[in-house]
Amino acid sequence: MTFRATILTLFPDMFPGPLGLSLAGDALSKGLWALEARNIREHGLGKHRTVDDTPAGGGAGMVLRADVLAAAIDAVAPADDPRPRLLMSPRGKPLTQSRVRELAAGPGALIVCGRFEGVDERVIEGRNLEEISIGDYVLSGGEIAALALLDACVRLIPGVMGAADSGSEESFENGLLEYPHYTRPRAWESREIPEILLSGDHRKIAEWRRAQSERLTQARRPDLLNKS
Ligand code: SAH
């Protein structure tokens, strides 16, 4: 089973964008995952292919129409498509590494990118869209959020990352932030690599790393410690 991503966007040229390079790009050309970006405007109305309208009740900006978006969704994902249907949205559930793992282990995703003030609420309900946020700040559109989500998923697909276990010790994987890294040179601007990392004592090194992870998490993200 190949991880298949379908993006609905008003700016299909933003894809694959950065995901066409490096790890994700190599994996894409090897067929380890697939990406299709479709323009919502294909289903726009009238001569101008209109996709949005003014908000009911008044206020600034424009809202993506439910009928247009539903037609775009139905054209790429029939009712029996097993892939989750995601809507990138600052109102959504914050994306976590465990949700990323679940998505990466599945058949892929249909990802709707909002623009303007957002999308008509009825299409969220009517097409069962799961709202996902990438953080408590507002982007101008869902595309960069979709790229971030896909980048996080794709690197976990088997065969994409080089070292088989280079995912398992990372930040969030054990509920902690990662320990600090060092590499050559041994001394740089009179800063030394911590002695223990050069000792060759793997048990001590593992203990040191664990302690550093706990210290960093306590200092920077105590909310992670209280989670589980
Ligand atoms: N008026 C909306 C913001 C719209 S921003 C509000 O106040 O909630 C336009 C689009 O950008 C959204 O529809 C969404 O698709 C995307 N977007 C903005 N911030 C995002 C975030 N933090 N996470 C995911 N998507 C986001």
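User: What share of the 228 residues of the protein chain counts as buried?

Analyst: First, a word on the source: this is a predicted model, where local features need pLDDT of at least 70, side-chain atom pairs count only at pLDDT 80 or more, and totals for chains, interfaces and linings use all residues. Residues are numbered from 1 along each chain as its sequence is written, and side-chain values use heavy atoms, with hydrogens and water left out. Buried means under 20% relative accessible area, exposed over 50%, and partly exposed in between, using a 1.4 Å probe and protein chains only. Here, 39% of the 228 residues are buried.

User: How many helices and strands does the protein chain have?

Analyst: Both are DSSP runs numbered from the N terminus: helices are H or I with at least four residues, strands are E with at least two. This chain has seven helices and nine strands.

User: Where is Thr 6, and what does its side chain contact?

Analyst: A polar contact is a pair of N or O atoms within 3.5 Å; within protein, one must be able to donate a hydrogen and the other to accept it, and residues adjacent in sequence count only if both atoms are side-chain atoms. Thr 6 belongs to strand β1 (residues 3-9), and its side chain has such a contact, at 2.9 Å, with the side chain of Arg 83.

User: Why does Thr 6 count as buried?

Analyst: Thr 6 counts as buried because its relative accessible area is 1%. Ala 146, in helix α5 (residues 143-154), is buried because its relative accessibility is 0%.

User: Now the ligand. How many residues surround it, and which are the closest?

Analyst: A residue is near a molecule if one of its heavy atoms lies within 4 Å of it. The ligand is surrounded by 19 residues, with Met 88, Gly 114, Gly 135, Tyr 137 and Leu 139 the closest.

User: Which strand gives the most to the shell around the ligand?

Analyst: That is β5, with three residues. Strands β5 (85-94) and β7 (130-133) each supply at least two.
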